[in-house]
Amino acid sequence: MLRRSFVLGSVLAALMSGGAVAQDVVKIGLILPMTGPFASTGRQIEAAVKLYMAQHGTTAGGKKIELIVKDDTGVADVTRRLAQELVVNDKVTFLAGFGLTPTALATAPIATQAKVPQIVMAAGTSVITERSPFIVRTSFTLPQNTLPIADWAVRNGLKKVVTLVSDFGPGLDAEKTFTEVFTKGGGTVPEKLRVPLRNPDFAPFLQRAADAKPDALFVFVPSGAGSAVMKQFAERGLDKAGITLIGPGDVTDDDILNDMGDVALGTITSMHYSAAHNSPENKTYVAAFRKATNGMRPNFMSVGGWDGMHLIYQALAKTGGNTDGTALVNAMKGMQWMSPRGPISIDPETRDIVQNVYVRKVERVDGELYNVEFATFEAVRDPGKEKK
Ligand code: PHB
């Protein structure tokens, strides 16, 4: 009896101290949709994370970095179970990834309870960072990416715009930001269409949009869904009717843009990243990414993974390898660096990303379709939080 409680006691002590091995190895639990309808997000982020490690080595702050990739298929219940296992069994120092808003939200209480930093590399609903003091975001927010295109619509004399969004957090954020800015600028939004996230059929919604005869159709769909929208947009003749497609840049995602064909030409979007971003850092990034992935073009999700790894490496360097979650999050606050997307920083108050957002037009460049940037909104904070 005595002996048993002694053994139990030592196991508990070892668990609490993290164990001898855990002190030299820092584990990152990377949870992504690697299969299912959002697999392109997983593929892009995993490739960027691995590229970062290939280029920067596998030690940071004197610790050996070990990556554990888990596939949550984009389903929040699976994410929650995986996050729990990664914390309890693998004793990860960081939880990272999160391809969709519900998966990030499901993990927030675990990050808080375990005091493990949760690096959100993809999900974009404004409220996410408020759900745990251990969340730090390297992706984007929908209000942040929507504000510039709403401003563009006002300035370019658009009067009537129909909105069409996927019916979940980021879509509702996009709809709200666009409607507020556009109507304040004198525009009208006669229809606000919401399409189911899973297995969407865009055709009936696009028909309703066409019937309203707007100047433009504002669209938010998650990364990967843009091709279906574009195809239906053309099949219903919205392009021929002179309706411009606008929105945050998720709809003209670089991962699939080049296969959309001529119907995508002229689409105006605003976004934090384009593979065509003209900077030396981005040219190097795109070339290395293509080389490492057998020719894949990096999209806006990939840079969330790349910069998330930079954040983790720099935080460990700053703490001198101290893996205490609070110390690591404190080290991340206010950090700034040059990303392939341009200059970025972590707002010390909100732990959310501050970044340039670019207005772009789809054009054919050297035979391929690209989002060509033509205007810049500098150092944009998440407007979703400024209102509060
Ligand atoms: C999200 O779930 O927050 C999300 C997913 C895909 C996007 C944007 C936001 O393209």
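The model is predicted, with pLDDT of at least 70 needed for local features and 80 or more for side-chain atom pairs, while totals for chains, interfaces and linings use all residues. Numbering runs from 1 along each chain as its sequence is written, and side-chain values use heavy atoms, leaving out hydrogens and water.

Around the ligand sit 15 residues, the closest being Leu100, Thr101, Gly124, Ser223 and Asp250 (a residue is near if one of its heavy atoms lies within 4 Å). Polar contacts are pairs of N or O atoms within 3.5 Å. Thr101 places a polar side-chain atom 2.5 Å from a ligand oxygen; Gly124 comes to 2.7 Å of a ligand oxygen through a polar backbone atom, and Ser223 to 2.9 Å through a backbone N or O atom. Of the 280 Å² that the ligand exposes taken alone, the protein buries 99% (Shrake-Rupley method, 1.4 Å probe). Domain 1 (22-140 + 279-351) and domain 2 (143-271 + 357-386) both contribute to the shell, so the ligand lies between them; these bounds come from an automatic or database domain assignment.

The ligand sits in the largest cavity, meaning that more than half of its atoms lie within 2 Å of the grid points. A cavity is a set of points on a 1 Å grid over the protein atoms alone where a 1.4 Å probe fits but cannot get out, with lining residues having an atom within 4 Å of a point. The largest cavity holds about 120 Å³ of space. Its lining has 17 residues, and Gly99, Leu100, Phe168, Pro222 and Met301 are the closest to its centre.

Definitions and conventions: Polar contact = N/O pair within 3.5 Å; in protein donor to acceptor, adjacent residues only side chain to side chain. 1 Å grid on protein atoms, 1.4 Å probe; cavity = no way out; pocket = protein on both sides within 12 Å on 5 of 7 lines; lining within 4 Å. Points joined across faces, edges and corners; volume = space filled by probe spheres on them.
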